[in-house]
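Here is a short tour of a protein fold, written for someone who likes to follow strands and side chains. Please keep the viewer open as you read.

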Amino acid sequence: MKKLLFTALLASYASLLMAKGIEANNAWVRFSVPGMSSSGVFMDLDNQSGRDDILLSASTPVAMSAEVHETVETDGVMKMRSLPKGLPLPAGKVTHLQPGKMHIMLMGLKKPLAKDTTIPLRLTFRHARPLVLNVPVAIGPASADISQTENSHHMHH
C-alpha cells in the first residue's frame, strides 16, 4: 500500500513539474502620439499549464486602466466591448490577441507611448501565476523579444 501511495504521489509531482504554465509571445503595444488617450496590446498566449484558464485582467502604470476586449460586428459596425468574465484560454492552445479581434485596451494613457521603448504589463489569470511583461512599443507586430518575470525569475523568448 505504501508503495502504491508513493507511486501516485510521485506521478502527480512529475505532472506538476511538466506543466509549463502560460507564456506570452510576440507581444507588442501600438505607439501613440500626444492627444491619444488609448492604445492596444497584442500577443499570443500559449496555455501549456495542462488545464483551461482565463485571463482575468491586465494592468500597467502607463494607463489609468487596462481591459480585456474583443471586437465584434453589430449591424455592420465594428465595436469593441470588454470581457468582464475574462478571456478563456483553453489548455494546450495558443490564443491570439490581434488588432481588430481580442486585445488588451489601455485607456487613459498617462503619456504617449514612444516607439522603440517598452512598457510594463501585468497579466492576471484565474489559475496560473501572474505574468509581468516588458512589452515593446511598435507601429505593428514586432519580432522583438520580450522579458517575462514570474516572481523575479527571468525568461527570455
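## Surface and burial

Accessible areas here come from the Shrake-Rupley method with a 1.4 Å probe. On that basis, the protein, which is a predicted model, exposes about 9,500 Å², and carbon and sulfur atoms supply 59% of that area. Of the 157 residues in the protein, 38% are buried.

## Overall fold

You will find 1 helix and 12 strands in the secondary structure. The order from the N terminus is α-β-β-β-β-β-β-β-β-β-β-β-β. Among contacts between residues at least 6 apart in sequence, 62% join residues at least 24 apart.

## Strand 8 and its neighbours

Strand 8 pairs in the antiparallel sense with strand 2 over 4 bridges, where Gly40 has Met105 of strand 8 as its bridge partner. Strand 8 also pairs with strand 4, again in the antiparallel sense, over 6 bridges; here Ala66 is the bridge partner of Leu106 in strand 8.

## The nonpolar core

The largest nonpolar core holds 30 residues, and Met43, Leu45, Leu55, Ile104, Leu106, Leu121 and Leu123 touch the most other members. Elements that give two or more residues to this core include strand 2 (38-48), strand 4 (63-74), strand 8 (103-109) and strand 9 (118-125).

What does Leu123 touch, not counting residues up to four places away in sequence? Its contacts are Met43, Leu45, Leu55, Ser57, Ala58, Ile104, Pro130, Leu131 and Leu133.

Conventions
Residues numbered from 1 in each chain as written. Predicted model: local features only at pLDDT ≥ 70, side-chain atom pairs only at ≥ 80, totals over all residues. Heavy atoms only, no water. Core = buried A, V, L, I, M, F, W, Y, C linked by side-chain atoms within 4.5 Å. Buried < 20%, exposed > 50% of the residue type's maximum accessible area, 1.4 Å probe, protein only. Contact = heavy atoms within 4.5 Å. Pairing = 2+ DSSP bridges.
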